[in-house]
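Please look over the sequence and the structure below before reading the notes. The notes are grouped by topic.

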Amino acid sequence: MTINDSKICAIILDLDGTLLDTEIATRSVLRDFLESYGKVLITDKEHGRMGRTQKESAVAIVKNYQLPLTPDQFIAEITPLYRSMWKDAKALPGANLLLQYLHKHQIPFALASNSLREYIDAKISHQKGWKEWFSVILGSDQVQSGKPSPDLYLEAAKRMSVDPSNCLVIEDSLIGVKAAKAAGMKVVVVPSQSEADAAALADLSLHSLLDFKPELWGLPCFDQ
């Protein structure tokens, strides 16, 4: 039994929070940065930034914390601090298993992230095999608009020569789910606690990637 009425021929995955736990690795960076300006990190203010582009996040942080910086100055100051921590980011449970499965079965799969392409390459360079396995890797600076616009997902499908209706997206944020739906794709979400609203819009919600069952989408089982 499947839960999809169109054949899934390709998978498109988000990166941060979906495959890679960059949040834990970099959690202290923003807190320490704000403290250097006499500000205290307010967790509730950060929930709305999930899945946004770098520029959108910078604008929100500068405004919310009334920092004496422009968004571009904030980006210039904090990015080197983030980059120094990316090497410590771990693959989320089930991520390597899923990517190895897709590679083994020669199912085309793309990476589509609201991060800049340069940052994506830096983050995945510490994960064995990832850069080589993806059919397509796209950052928000390679399309007209980042998520929740469908541009990233439509461009990924185009580059894989797959119709959007035959693509399955795996996301963790509401912004990402909205982008996938706007692209006319099916979407599975593995939401964080702060992104529970994403589950209502997605076709399927999972606790972790370890719960992903490819056979539900007409794909071979993991053990085949």
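The sulfur of C221 lies 17 Å from the closest cysteine sulfur, which belongs to C9, and that is too far for a bond. This is a predicted model, and the count of disulfides in it comes to 0.

**Cysteines**

- A disulfide is a covalent bond that joins the sulfur atoms of two cysteines.
- To be counted as a disulfide, two cysteine sulfur atoms must be within 2.5 Å.
- For C167, the closest cysteine sulfur is also in C9, at 7.9 Å, so C167 is too far away for a bond.
- C167 counts as buried, with a relative accessibility of 0%.
- C221 is partly exposed, and its relative accessible area is 24%.

**The sheet**

- An open sheet is formed by 6 strands, in the order β5-β4-β1-β6-β7-β8, with parallel pairing.
- At the edges are β5 (136-138) and β8 (204-205), each of which pairs on one side only.
- The parallel pairing of β4 and β5 runs over 3 bridges.
- A110 has V136, in β5, as its bridge partner.

**Helices on the sheet**

- Helix α5 packs on the sheet, where it touches β1, β4 and β6.
- The direction of α5 makes an angle of about 150° with that of β1.
- Helix α8 (residues 151-159) packs on the sheet as well and touches β1, β4, β5 and β6.
- The direction of α8 makes about 155° with that of β5.

**Nonpolar cores**

- The largest nonpolar core has 30 residues, and I11, L13, L19, W130 and F134 have the most contacts inside it.
- At least two residues of this core come from each of β1 (10-13), α5 (95-104), β4 (109-112), α6 (117-124) and β6 (167-171).
- Helix α5 gives the largest share of this core, 5 residues.
- Another core, of 24 residues, lies apart from it and includes A112, Y153, M160 and V187.
- Leaving out residues up to four places away in sequence, W130 touches L15, L19, L20, A91, A95, N96, L99 and I124.

**Helix α3**

- Which residues of helix α3 (residues 54-64) are buried? They are S57, A58, A60, I61 and V62.
- Just after α3, Q66 takes a positive phi of about 50°.

Definitions and conventions
Residues numbered from 1 in each chain as written. Predicted model: local features only at pLDDT ≥ 70, side-chain atom pairs only at ≥ 80, totals over all residues. Heavy atoms only, no water. Buried < 20%, exposed > 50% of the residue type's maximum accessible area, 1.4 Å probe, protein only. Helix = DSSP H or I, 4+ residues; strand = E, 2+ residues; numbered from the N terminus. Core = buried A, V, L, I, M, F, W, Y, C linked by side-chain atoms within 4.5 Å. Contact = heavy atoms within 4.5 Å. Pairing = 2+ DSSP bridges. Axes fitted to C-alpha atoms, helices over the stretch in contact; angles between N-to-C directions.
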